[in-house]
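Colleague: Could you walk me through how to read this model, one feature at a time? I'm new to this, so please keep it simple.

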Amino acid sequence: MRRKGRHLEVCLTEDVEYRTRRTGFEALDLPYRALPETDLARIDTTCAFLGKTLRAPLLIGAMTGGAELAGLINRHLAEAAARVGVGMMLGSQRVMLERPAARASFAVRGVAPDILLVGNLGVAQLLQGYGVDEIRAARDLVDADAVALHTNPLQEALQDGGDGDFRGLIERLRVVVREADVPVLLKEVGHGISGEVARAVEGIPFAAIDVAGAGGTSWAKVEDLVRFGEVRHHDLVEWGIPTVTALRDVRRALPHMPLVASGGVRSGLDVAKGLVLGAHVAAVARPLLAPALESADAVVAVLERYVYELRVAMHGCGVADLAALRALTLEEG
Ligand SMILES: Cc1cc2nc3c(=O)[nH]c(=O)nc-3n(C[C@H](O)[C@H](O)[C@H](O)COP(=O)(O)O)c2cc1C
């Protein structure tokens, strides 16, 4: 609880982005077309994901819950998601399963009855007694459409008292995801999912994989700053699979798996590039945190910037809808 508060504080006040590792989006260009056969006003960004229709292929990334300000933050995020027509992933619900008093901070259906809402738990808990019941509870207690399981060995390793034992997890996932009867996503937290990991989970019926690659928020860095007040492990905090590499490798390993592009998605152009690389939707976390403390209007403004930039990017490429966008090829910049 206190640690979650410190996470928020550090994410709001310190430089927690990767410094040397980049997402890879910056090295790729969308093919600009000076004579597009498109009308900006008619660009169609609607898509379907996990059974819901989104106005744009965008999710608010998993962030918070349980901490003091979490209820306010989550309600602002959810209201903004409803107004803009995008989806939202909640932060880890472990705290609400263990402390019913924390449940209120995750309750967003009152302000966003229809949005695509994704719950969240950590995979490490699956080795400590959590299973099908907890995944169902994470869905049912917040009326979510799906539940994401985050895997975060680097973050846990740098956390004071973090979980270090990930042995047997793939076999556990194989059983639990099949039996849960809930759409389950697998996600990282910003250090990336590799092609090898994707191959290792082949056959597990995940509804989607969120690659959460490196280049945006470094959770190893957040943990160092929470623990020591400074970065002590300079190389470790820059470690991870760049988002573009993760997307390409996971797409190659699992050609039919719906993917979420996330980790350092900082503009609508990044969203567009993520979709060209094979993602269904993109997710954005930390850029929405400070606006979420302020108001739903502030979150709407950031989300609308992403949607506008995506629309302009599509118009600039001469593609009128997301199917045409996905058929493009990126150029090495
Ligand atoms: C304040 C904050 C809290 C987060 N908490 C969670 C969490 O509880 N569960 C989770 O799966 N990811 C969590 N994340 C990770 C994000 O979902 C995302 O994967 C990561 O921040 C990379 O995206 P970004 O570069 O857009 O921030 C959190 C991120 C932030 C900034």
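Colleague: How many nonpolar, polar and charged residues are in the shell around the ligand?

Modeller: The shell has ten nonpolar, 13 polar and two charged residues. Ala, Val, Leu, Ile, Met, Phe, Trp, Tyr, Cys and Pro count as nonpolar, Asp, Glu, Lys and Arg as charged, and the others, Gly among them, as polar. One caution before we go on: this is a predicted model, where local features need pLDDT of at least 70, side-chain atom pairs count only at pLDDT 80 or more, and totals for chains, interfaces and linings use all residues. Residues are numbered from 1 along each chain as its sequence is written.

Colleague: Which residues are the closest to the ligand?

Modeller: Gly91, His150, Gly216, Thr217 and Ala285 are the closest, out of 25 residues that surround the ligand. A residue is near a molecule or strand if its C-beta atom, placed from the backbone, lies within 6 Å of it.

Colleague: And which helix gives the most to that shell?

Modeller: Helix 1, residues 2–13, gives the most, with three residues. Helices (H or I, at least four residues) and strands (E, at least two) are DSSP runs, numbered from the N terminus.

Colleague: Now the strands. In what order do they close into a barrel?

Modeller: Strands of a sheet pair through backbone hydrogen bonds, either parallel or antiparallel. Here eight strands close into a barrel in the order 4-5-6-7-8-9-10-11, with parallel pairing. From one strand to the next, the twist averages 25°. Two strands pair if DSSP finds at least two bridges between them.

Colleague: Which residue stands opposite Ile209?

Modeller: That's Leu259 in strand 10. Strand 9 (residues 208–210) pairs with strand 10 (residues 259–262) in the parallel sense, over two bridges.

Colleague: What should I look for when two helices pack, say helix 10 and helix 12?

Modeller: Two packed helices are described by the angle between their axes and the distance between the axes. Axes are lines fitted to C-alpha atoms, for helices over the stretch in contact, and angles run from 0 to 180 degrees between N-to-C directions. Helix 10 (residues 268–276) packs on helix 12 (residues 296–317) at about 60°, and their axes are 7 Å apart. The two helices are therefore oblique to each other; angles under 35 degrees count as roughly parallel, over 145 as roughly antiparallel, 65 to 115 as roughly perpendicular and the rest as oblique.

Colleague: Which residues of helix 10 meet helix 12?

Modeller: Gly268, Leu269, Val271 and Ala272 do, and among their partners in helix 12 are Tyr306, Val307 and Met314. Contact here has C-beta atoms, placed from the backbone, within 7 Å.

Colleague: At what angle do helix 1 and helix 8 cross?

Modeller: Roughly 115°, and the axes of helix 1 and helix 8 (residues 219–228) come within 9 Å. That makes helix 1 roughly perpendicular to helix 8. Arg3, Arg6, His7, Val10 and Cys11 in helix 1 meet Val222, Leu225 and Val226 in helix 8. Sorted by class, that contact has five nonpolar, one polar and two charged residues.

Technical notes: Contact = placed C-beta atoms within 7 Å.
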